[in-house]
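Please look at the sequence and the structure first.

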Amino acid sequence: MAMPVSGVPTETVGGPRQWGGSAQLPAGRAFARVGRAVRSNRKATIGTILLVIFILIALFPWVIARDSPTQDAYTPQLGISTAHLLGTNHYGQDLFSQLVWGTRNVLIIAFAVGLAATGIAVLIGIAAAYLGGIWDNSLNVLTDVLLVIPLFPLLIIIAAYARGGTTLVLITAITLTSWSYTARQLRSQALTLRDRDFLEAARVRGERKLYIIVVEVIPTMTSLIVASFLTNALYAVLFASSLQFIGLGDPNTVSWGTTLYWAQNNAALQTGEPLWAIAPGACIAVLGAGFALLNYAFDEIGNPALRPVRKVRQMKGTEQRV
Amino acid sequence: MRRLTRYGVIIAAGLLAVGCSAGASSSSGSGSAQTSTNSTLTISNENGALWTCGFSPLNTSDTLLSVGFVYEPLVFVNPLQNGKTTPMLATSWTWGPGNKSLTFTIRQGVKWSDGTPMTAADVAFTFNLIKKYPALDLTGVWSVLASVTATGNTVTMTFSTAGAVPYFYYIADQTPIVPQHIWSTLGNPVTNPIAKPVGTGPYLMSKCSPQNITYTANPHYWQPGEPKVAKIQYPAYTSNNTANDDLANGSAQWGAQYIPSIQTFYTARNPNFHYWFPPTVNVSLLPNLTNPLLSNVKVREAMSYAIDRNQVSTIGESGYEPPANQAGIVTPTFSSSLDNAALTSWGNSYDPAKAKALLASAGFHPGAGGIMTNAAGQKLSFTVINIGDYSDWVASMQVIQQDLKAVGIQITPDDLSNTDFDADLFFGKYQLAYYDQQTFGPSAYYELNNWLNSADTAPVGKTAASNYERYSNPATDKLLNEYATTTSTSMQQSIMNQIQQVMVTQVPFIPVTEAVDWYQYDTGPFTGWPTPGDPYAQPSAYAFPDNEQVLLHLAPK
Amino acid sequence: MRYALRRLGFFVVTLWVALTLNFLLPRLMPGNPALAMLTKFRDLSATPQTLHALEILFGVNSQQSLLSQYGSYLGHILTGNLGISLSEYPTPVTTVIGSAIWWTLGLVGVATILAFILGTGLGIVSAWRRGSKLDSIVPPTFVITSAIPYFWVAMVLVLIFGLTLHWFPSQGGYYVTTDTPGLNFTFFQDVINHAFLPAVSLLITTIGTWILTMRNTMITTLAEDYVRMARAKGLPGRRIMFDYAARNAILPNLTGFAMSLGFVVSGAILIEYVFNYPGVGYMLLQAVSGEDYPLMQGLFLLITVAVLFAILVADLLTALLDPRTRTAR
């Protein structure tokens with residue numbers, strides 16, 4: 001799994017203050033701002049393109065893959081050809097169509113967990129920041145504890161007790177265990193926003209806490225919330241495929257992780273069918289790269305200090321400038 | 001800055017160099033773990049766990065490590081040659097009148113590995129020990145035995161029933177003889193791990209660690225000049241891949257492995273690498289006969305005709321497990337028992353048109369989604385339980401599912417863990433199941449008796465011993481019980497023919513493929529391997545006491 | 001001191017949560033999964049003590065109330081009684097785990113330390129040389145590598161270096177039939193030989209995070225006033241980079257190290273699986289497929305305790321090195 005990359009301030013060290021000059025924009029314009037930023041940032045563009053391609057594949061798989069992914073209809077162990085873009089596997093199934101049709105399951109998991117986990121993270125992170133006091137302390141402890149307990153072994157145990165997870169079991173288990181990192185980030189940012197002038201103004205106006213949170217705070221944190229969604233989606237893809245790979249998913253569903261499971265079971269690497277094992281992993285890597293690039297780009301959008309520096313023509317003698 | 005990158009490159013190069021040299025020097029041999037010295041045999045049998053270094057021949061987890069190597073039975077009975085016998089610790093035997101007693105003459109001059117002579121008293125002791133501690137009675141011999149006594153150099157066994165004839169296999173071949181002078185002092189033989197086994201067999205267990213067991217030749221073994229292979233290594237493999245790799249690179253010579261794509265992976269690497277998978281029992285689709293729709297014989301017949309067994313064998317089992325037949329006789333192992341009349345009356349085993357015709361005559365017509373429905377609105381839609389861990393069974397089930405769909409029968413696989421599957425199967429909580437019998441004997445009777453004898457079944461909600469589909473027919477019981485009382489081969493064959501008629505007319509279960517013994521062998525360093533042309537024993541390293549026969553035939557080149 | 005006590009307190013709380021989770025999970029699942037396991041133990045003629053231990057660990061067949069089960073459970077665990085392993089019956093779980101733990105410690109320890117050193121170094125350099133060629137390649141490359149599934153890297157390495165080039169063995173920890181574990185050179189060489197590819201896999205997949213985190217914190221540190229002051233004073237670049245900036249930037253990295261340990265563990269499990277490397281991760285997956293729940297539980301607890309302990313040490317180390325954390329919050 002990718003480890004969390006952080007340019008956003010965490011609890012223990014004071015980080016740079018949030019540079020938000022556009023803090024007063026309502027939600028709609030916040031998204032427009034995001035859109036503009038995506039277009040101008042190269043990483044974001046690449047990431048978005050990758051994601052869009054995969055979404056299209058998931059929505060309309062029959063457009064590029066004519067063959068059924070499950071029918072054992074073809075000669076086994078064919079190599080790459082125009083009829084079978086990635087060859088056939090040991091059971092005579094077309095590998096390319098398996099991957100194409102499998103995209104659906106992967107993206108469903110990614111988006112379901114992404115939304116659910118981010119939802120929980122927003123709820124808990126912001127609530128902790130605003131409710132303060134004992135709520136803050138206890139939610140904090142809960143978040144920190146879940147952050148520290150190693151998640152993958154916990155998922156393995158849960159899936160093992162569930163005796164083989166359907167996709168729903170996977171989604172539920174991953175959602176319930178992986179929200180803590182993003183919750184922490186959201187709480188940190190919410191804390192820094194708490195004393196801002198515009199919020200003070202809202203409080204003085206007499207607005208209720210819930211209104212402040214929903215109308216003022218959340219739109220300001222749009223870019224971080226989107227980044228959280230991307231982080232959670234990325235981890236969902238990696239965790240879910242890993243669980244399916246080791247056999248804790250449902251081996252009868254069509255998904256990249258289960259294709260890997262069958263490949264590993266049939267010693268694909270050693271029997272001269274390496275594509276069977278390498279191709280699904282490559283798909284996961286590319287999708288993950290899409291999420292990760294977008295995520296990193298959002299880090300930069302949110303924290304201008306990290307934005308790439310356009311190198312200015314220097315005079316001879318100076319090495320670099322910050 | 002530049003200096004730093006230079007350092008970095010040097011360090012990285014250094015690490016690579018160390019790594020590569022470590023790699024190169026060890027693999028400069030032949031890429032193999034060890035080039036086997038001529039008289040060390042390495043076995044590749046993946047067991048899924050490390051060794052616990054217990055060697056009790058009466059403990060199911062340890063039998064495969066002790067019986068055949070250290071312990072021996074009275075007689076070797078070869079299931080692959082229709083029960084041909086080879087005297088081991090017993091030199092001869094005779095059935096008493098009415099087959100109600102059996103007397104063995106025990107071989108003289110055999111010594112235990114600690115030097116004490118082996119006598120008939122040890123044999124009697126072994127059987128009476130099993131009687132005293134039922135947990136040791138792995139094959140249930142005391143369900144037919146009445147008494148076992150030793151007199152001089154003979155042992156006489158009396159039976160409580162006339163139907164004990166098939167139990168000869170379990171008594172003579174499947175019961176390892178243990179030394180009285182050691183086991184009588186053990187305390188509880190059920191829990192004692194027997195870390196230092198003492199037996200009459202060709203090998204001594206000389207070293208055991210969780211990762212590997214080493215056996216060395218027993219210098220006092222009673223067969224002169226045997227064994228010819230001086231040392232055996234039996235590593236504990238926890239994964240199939242590693243076990244298969246060791247076979248493929250020659251560091252193990254005797255395999256008991258399931259190897260995917262065996263030609264590319266194994267036989268193509270070396271002309272001395274061979275494999276042979278002799279079939280043993282049927283892997284079958286079991287209908288729960290208490291289910292109202294499945295109790296209709298026409299539905300079951302239709303299912304049998306709808307399944308393309310060749311395709312299941314080729315795709316699901318990679319061609320390793322041959323297609324089975326509805327008569328239930330495993331071929332070629334028991335081909336001599338096959339009743340051609342039964343097979344001819346059954347006709348072509350793959351006949352989807354006939355399947356559809358049968359369903360139509362049973363009152364089914366294609367309904368919503370193409371699923372066969374009858375006038376009462378009942379659909380032919382079932383769940384089938386399967387063991388999720390057995391990926392080849394899961395793959396086979398996918399083929400079966402597609403085949404049945406083509407005739408309008410919908411099945412949904414439910415892949416369960418081993419324990420869940422067992423629970424559902426034993427208690428009858430399923431509609432269809434995919435399974436094979438776990439025990440095997442020297443004729444087709446053993447398997448079919450397990451499937452069809454009503455003594456081995458139980459109502460749904462109680463545990464069935466082996467008749468999981470809940471089949472019960474007094475006429476069939478009569479046939480099976482009659483078989484158990486006779487030693488006449490002609491009588492046995494006539495009964496088997498009638499049983500096969502039962503299989504094709506009543507279709508109590510549907511055999512799909514034939515499970516096999518897994519076996520790979522390397523003829524480079526050793527000769528004497530069992531082959532299809534010379535099937536002198538079951539060739540798998542985990543089959544006991546057949547493994548002893550293999551070890552006695554092997555010789556270094 | 002107060003800080004240390006607070007961190008210790010957190011350690012204890014998290015441990016307690018993990019133990020309770022471990023206790024509750026099998027009891028919460030529909031149809032207690034351990035019930036079926038009980039029959040397996042009975043088939044192995046398990047002693048009454050073993051069966052009783054199973055009751056405590058999984059709540060099967062128990063006459064006691066949940067609370068008293070919990071009490072006995074905590075008692076058992078804290079005295080080191082983790083039950084008997086099903087797949088290695090009758091070996092106790094602690095012994096079984098003991099055989100695997102050194103392999104993982106070795107592999108993960110060495111790979112993580114290397115990744116930390118190399119990653120931090122590259123991160124520092126990359127941040128210092130913002131806007132240079134190096135810096136334009138580094139972030140995107142390692143952002144991508146940090147999203148690659150661990151097992152995929154392992155598989156590619158196995159395919160290329162193990163199976164095609166035959167430079168390194170692609171399975172196992174050492175050659176079991178030829179080498180006996182011991183303090184001899186051939187054994188060590190064999191171990192390194194077998195550990196090389198798994199370690200490189202772990203290195204490749206985890207190094208990305210070090211680099212990126214270090215780079216990010218370095219960048220923000222370099223914007224601080226005292227760095228500007230140092231530059232104004234005319235101190236040489238390398239001195240500023242290491243003595244001023246890196247030293248301060250590395251501290252949040254230490255905390256990040258602790259947090260990412262969970263992910264390192266996940267990676268180790270998957271990499272051990274692909275390489276059949278006989279460590280605790282591989283053993284966990286074997287236990288799962290063998291439905292050996294006592295062993296599974298024991299391994300989960302071990303892994304959790306190890307990670308928590310490492311985090312505690314990292315936290316205390318941070319407190320020692322960075323006075324700010326002691327007074328922060």
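Chain C and chain A bury about 6200 Å² between them, 76% of it on carbon and sulfur atoms; buried area is the accessible area (1.4 Å probe) that two parts lose on being put together, summed over both. This is a predicted model, in which local features need pLDDT of at least 70, side-chain atom pairs count only at pLDDT 80 or more, and totals for chains, interfaces and linings use all residues. Residues are numbered from 1 along each chain as its sequence is written, and chains are lettered from A in the order in which they are written.

**Interface of chain C and chain A**

- Contact (heavy atoms within 4.5 Å) joins 70 residues of chain C to 65 residues of chain A.
- On the side of chain C that touches chain A, the residues divide into 49 nonpolar, 17 polar and 4 charged. Ala, Val, Leu, Ile, Met, Phe, Trp, Tyr, Cys and Pro count as nonpolar, Asp, Glu, Lys and Arg as charged, and the others, Gly among them, as polar.

**Helices α2 and α3 of chain C**

- Helix α2 (residues 34-43) and helix α3 (residues 48-58) of chain C pack at an angle of about 170°, with their axes 11 Å apart.
- The two helices α2(C) and α3(C) are therefore roughly antiparallel, a term for angles over 145 degrees.
- Helices are DSSP runs (H or I, at least four residues), numbered from the N terminus.
- Among the residues that meet are C:Met37 and C:Phe41 in α2(C) and C:Leu51 and C:Leu54 in α3(C).

Technical notes
Heavy atoms only, no water. Axes fitted to C-alpha atoms, helices over the stretch in contact; angles between N-to-C directions. Parallel < 35°, antiparallel > 145°, perpendicular 65-115°, else oblique.
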